[in-house]
Amino acid sequence: NKQFLLASRPTGTPSSENFKLVEVPIPDLKEGEVLVRSLYISVDPYMRGRMNDYKSYVPPYSLNEPIAGGVVGEVIESKSSQFQTGEIVMGMYGWQTNGVVNGKDLQKINSDIAPISTALGVLGMPGLTAYFGLLDIANPQAGETVVVSGAAGAVGMIVGQIAKIKGARVIGIAGSEEKINYLKEELHFDEVINYKTTSDIKADLRNACPNGVDVYFDNVGGSISDAVLLLINQGARIPLCGQISLYNLEKVDIGPRMQPLLLINSALMQGFIVSNYMSRFHEALPQMAQWVAEGKIKYKETIVEGFENMPTAFLGLFSGENIGKQLVRVAD
Ligand code: NDP
């Protein structure tokens, strides 16, 4: 069994040096356990936080232990009455070619609904993050202006499309021409801004949002968010989903202080973690699956081939290599 372990904790931007590939025997199954062969393994921005040794909403990864995260795989052997050989399942056993997992920590995936990889993307954690962050916290109304940063990523592109389903005007911010074209041409975002090539993001945002900003779904933080917040309207809602532009900073970045704008506009900024909504996932998943089936939500995946490329795929999240959900295909 191949595994990637956390070899060292990064300072600043992580590198492949922080990971170590090892090969270990697969242990015998105990009662209740299932052997799963990994097919798709997820890499996610939150993993960067878990590489640090400080307290967050999930514990840090331990040194010399496999990196934990979402996997879709096939049951190879089962000592659980709940699972049979050949079934497709989702688990959190992470960067390993095979996992020995207690059956209670696995979920079955129905491959009739959508391709199995979507259990890690649009019909999994990122899709649910978009759904609850946008609908529960921001509740966008028809005709309102919704801005989303990280707009071409796994969460961002779903946020924009749900906002369009609700009748909002949607402005996306992303970091390459390919992403901008995809959001405009394929997903019909109303305006899209390339934050890497613009000479004046504030002016671009003013032009794109002549009626101000009612909802800002923040995936990135930093100076992009500072520019959006200048335009918030009375009663604006700001789901604080991610701050990826800050995850690799070595020093705390204070930035402009925007609280007066929140105050004078009676705006709501609310952080959230998707797992807060666990008890309501069953509401969201059928709705998301229906939108996907109806073609109202499109999704995209960027797939890196081969287990040994796990670190490369992960590091690419911070240089923006991915459009939509970044996955690694480990086996067919
Ligand atoms: P993405 O698929 O969006 O991948 C990350 C993207 O972030 C990259 O493709 C890149 O796109 C962009 N990015 C990287 N560095 C920067 C930077 N310095 N400034 C601006 N953009 C940057 O990942 P996810 O959709 O999985 O996650 C998006 C955000 O949501 C993350 O911040 C993540 O931590 C957060 N999140 C929060 C959850 C929660 O429960 N609160 C759950 C899931 C995700 P580009 O080319 O546009 O720069």
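1. Helices and strands here are DSSP runs, numbered from the N terminus. On that scheme, Asn64 sits in the loop between helix H1 (46-50) and strand S4 (71-78). The model is a predicted one.

2. Asn64 deserves a look at its backbone. Its phi is positive, near 60°, and the residue is not a glycine. Most residues other than glycine have a negative phi. Asn64 has 11 C-beta neighbours inside 10 Å, so it counts as exposed; the cut-off for exposed is 12 or fewer.

3. His188 also calls for a check. Its phi is positive at about 60°, although His188 is not a glycine. The residue belongs to the loop between helix H4 (177-186) and strand S10 (191-194). His188 counts as exposed because it has 12 C-beta neighbours inside 10 Å.

4. Next, the domains. Contacts between them involve 15 residues of domain 1 and 17 residues of domain 2. On the domain 1 side, the touching residues comprise 8 polar, 4 nonpolar and 3 charged.

5. Where does the ligand lie relative to domain 1 and domain 2? It lies between them, because both domains give residues to the shell around it. That shell holds 31 residues, with Gly153, Gly175, Gly242, Ser245 and Gly320 the closest. By class, the shell has 16 nonpolar, 13 polar and 2 charged residues. Helix H2 (125-138) and helix H9 (310-319) supply at least two shell residues each.

6. The largest nonpolar core has 90 residues. Val147, Val159, Leu183, Tyr216, Phe217, Val228 and Val328 touch the most other members. H2 gives the most to this core, with 7 residues. Domain 1 (2-120 + 300-329) and domain 2 (125-275) each contribute at least three residues to this core.

7. Neighbours within four places in sequence aside, Phe217 is in contact with Gly133, Leu134, Ala138, Val146, Val148, Val159, Pro239 and Cys241. One of these, Val159, is also among the core residues that touch the most other members.

8. Last, helix H8 (residues 281-293). Its 13 residues reach 18 Å from first C-alpha to last, close to the 18 Å expected at 1.5 Å a residue. Gly295 follows H8, with a positive phi near 75°.

How values were computed. Residues are numbered from 1 along each chain as its sequence is written. This is a predicted model: local features need pLDDT of at least 70, side-chain atom pairs count only at pLDDT 80 or more; totals for chains, interfaces and linings use all residues. A residue is near a molecule or strand if its C-beta atom, placed from the backbone, lies within 6 Å of it. Helices (H or I, at least four residues) and strands (E, at least two) are DSSP runs, numbered from the N terminus. Ala, Val, Leu, Ile, Met, Phe, Trp, Tyr, Cys and Pro count as nonpolar, Asp, Glu, Lys and Arg as charged, and the others, Gly among them, as polar. Domain bounds come from an automatic or database domain assignment. The expected span of a helix is 1.5 Å times one less than its number of residues. Two residues are in contact if their C-beta atoms, placed from the backbone, lie within 7 Å. A nonpolar core is a set of buried Ala, Val, Leu, Ile, Met, Phe, Trp, Tyr and Cys residues joined through C-beta atoms within 7 Å. A residue is buried if 20 or more other C-beta atoms lie within 10 Å of its own, exposed if 12 or fewer, and partly exposed in between; C-beta atoms are placed from the backbone.
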